[in-house]
Amino acid sequence: MADLGAAGATRRRRRATFAAGRGGSLVPMNGASAAACPSAGTAGHSGDTPGQKHGSPETARVNSKSEKHTWRSEKQSDVLSCHKTRESLLSSESGYNNYRGILNWCVVMLILSNARLFLENLLRHGILVDPIQVVSLFLKDPYSWPAACMVIVSNIFIMVALYTERQLSKGSFSEPVGLTIHCINLTVILTFPVAVVLTVPSVTPVGGAFALGIYTIVLLKLYSYRDVNMWCRDLSRAKAKNCPAVKSGDSSKVCYPGNLTIKDMYYFAFAPTLCYELNFPRSPKIRMGFLLRRLVEMLFFTQLLVALTQQWMIPIIQSSMKPLEDMDLSRMMERLLRLAVPNHLLWLMFFYWFFHSSLNFSAELLRFGDRQFYNDWWNAETVTYFWQNWNIPVHKWCLRHFYKPLLRRGFSKIVSQSAVFFLSAFFHEYLVSIPLRMFRLWAFMGMMAQLPLAWFVGNFLHGNYGNAAVWISLIVGQPFAVLMYVHDYYVLRYQ
């Protein structure tokens, strides 16, 4: 009897399922519909009798029709239409910004293309890397180090500035006398290395550029040192009191004239900044791991820059001399574009080596707290934004000691900005022409050309177009100046 009862229950379940299937064969079964239409077998196991309506085949058929009607009313719009108002992913209006795959593709293509160029260079020229040749770029005679001697002599000008400020703080020098001494000191800093480079034949172009770079940094630092101490004297006179000098081991803030010490002066001389303060922000401790990483990066990128210059840049420059002599414009343009890629790659490596690795190394060693040596210049949509953010120490100096003082004197913003570009153009030409012992003004004109370029990009190009214009000016402008200087140097020295 138990087997007959089980068989009867099985037949009832089959009939109920068949009846439900005929009534709702078009309805996709899911968890919701299964829950809404329990099977007869389930009802039987729960204690329901065959006479209950919700477990009968007629009830299942009614429920199936109701579900079908509900599904039709809810899904009718999806069945009749499959389109919505949407933008393409590559359109700026779409709001889509996940281009990681495209970025990876660009990196892969860049690696493959440069690998091809690298192999082609090796097959054509062989291995040209020579570490000994690097030493000869700095020294002609191993027993004569004129560039290093010039750097050592710069300590004299630092001590003159410190002595002058001490006398001014005591009242031994009047303000006009102190200003005269500072002006003479800064003028000698600017002209002394020029005289040495132009008169001493043993100074190499690379060594001369290094010494002139150090003297330019000293000049800007001492100018800031003089300005800040003068502002402190003015504030002291306004308040009719001075803060006492800070004793050794005192952790309180240093007040003027307590800052006029040799220790404070040389901390500023080696600190990775051009703007002087009485109290620099300090980091709590030296992180040895961070310091070692920056040191390894400095050594690695130094070797890489030298190797790529010898292996990649020099052969292209040498092959460019003939088209430049013949004034073959098409070949000159081809050489310019060939030089653009390695020149730009070396410039990016130099940026990372100097502004990130080197400056962070010196800042960590001195526990210098302000590490904003650069900003997001790669996102620059205007030329002005690029020059304001790619070299923060120079930008801060120009803003604090040159641009704002001009505004306070009544000059307009346009005139003040033009004066800042003029000053930058002067130092660019100063650091290039004098070590090469020739004056062609290519760097000066390149910097002054930034003014009309900045006006054009700022007024006519915006967003990605402005950013592309900034990148093009960097990629194409620099190798053009390099070719011009190399050509003139080659003609002047070897023809």
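A: Start with a loop. Pro257 sits in the loop between helix H9 (205-239) and helix H10 (262-270). The model is a predicted one.

Q: What makes the peptide bond between Tyr256 and Pro257 cis?

A: Its omega is about 5 degrees. Most peptide bonds are trans.

Q: Why is H5 called roughly perpendicular to H11?

A: Helix H5 (residues 100-125) packs against helix H11 (residues 288-319) at about 75 degrees. The roughly perpendicular class runs from 65 to 115 degrees. The angle falls in that range, so H5 is roughly perpendicular to H11. The two axes are 11 Å apart.

Q: Which residues make that contact, and of what class are they?

A: H5 supplies Asn114, Leu117, Asn121, Leu122 and His125. H11 supplies Gln311, Trp312 and Pro315. By class, the contact of H5 with H11 has four nonpolar, four polar and no charged residues.

Q: How do you know that the length of H5 agrees with its residue count?

A: H5 has 26 residues, and at 1.5 Å a residue it should span 38 Å. The expected span uses one less than the number of residues. The end C-alpha atoms of H5 are 37 Å apart, which agrees.

Q: What comes just after H5?

A: Gly126 follows, with a positive phi of about 75 degrees.

Q: Why do Arg437 and Leu441 count as partly exposed?

A: Partly exposed means between the buried limit, under 20%, and the exposed limit, over 50%. Arg437 has 25% relative accessibility, so it counts as partly exposed. Leu441 has 42%, so it also counts as partly exposed.

Q: Why is Tyr430 called buried?

A: Buried means under 20% relative accessible area. Tyr430 has 6%, so it is buried. This residue lies in helix H16.

Q: What does Tyr430 touch beyond its neighbours within four places in sequence?

A: Tyr430 is in contact with Ile189, Leu190, Pro193, Val194, Leu212, Thr216 and Pro435. Take Leu212. Tyr430 and Leu212 are 218 residues apart in sequence, yet their C-alpha atoms are 8.2 Å apart in space.

Q: Where does UniProt place the feature "active site"?

A: The unreviewed UniProt entry places "active site" at His428. His428 lies in helix H16 (residues 413-436).

Q: Why does His428 count as partly exposed?

A: The relative accessibility of His428 is 34%. The buried class is under 20% and the exposed class is over 50%. Not counting residues up to four places away in sequence, His428 touches Ala443 and Met447.

Notes. Residues are numbered from 1 along each chain as its sequence is written. This is a predicted model: local features need pLDDT of at least 70, side-chain atom pairs count only at pLDDT 80 or more; totals for chains, interfaces and linings use all residues. Side-chain values use heavy atoms; hydrogens and water are left out. Axes are lines fitted to C-alpha atoms, for helices over the stretch in contact, and angles run from 0 to 180 degrees between N-to-C directions. Helices (H or I, at least four residues) and strands (E, at least two) are DSSP runs, numbered from the N terminus. Angles under 35 degrees count as roughly parallel, over 145 as roughly antiparallel, 65 to 115 as roughly perpendicular and the rest as oblique. Contact means heavy atoms within 4.5 Å. Ala, Val, Leu, Ile, Met, Phe, Trp, Tyr, Cys and Pro count as nonpolar, Asp, Glu, Lys and Arg as charged, and the others, Gly among them, as polar. UniProt positions are given in the numbering used here, feature names are shortened, and annotations may be inferred rather than shown by experiment. Buried means under 20% relative accessible area, exposed over 50%, partly exposed in between (1.4 Å probe, protein chains only).
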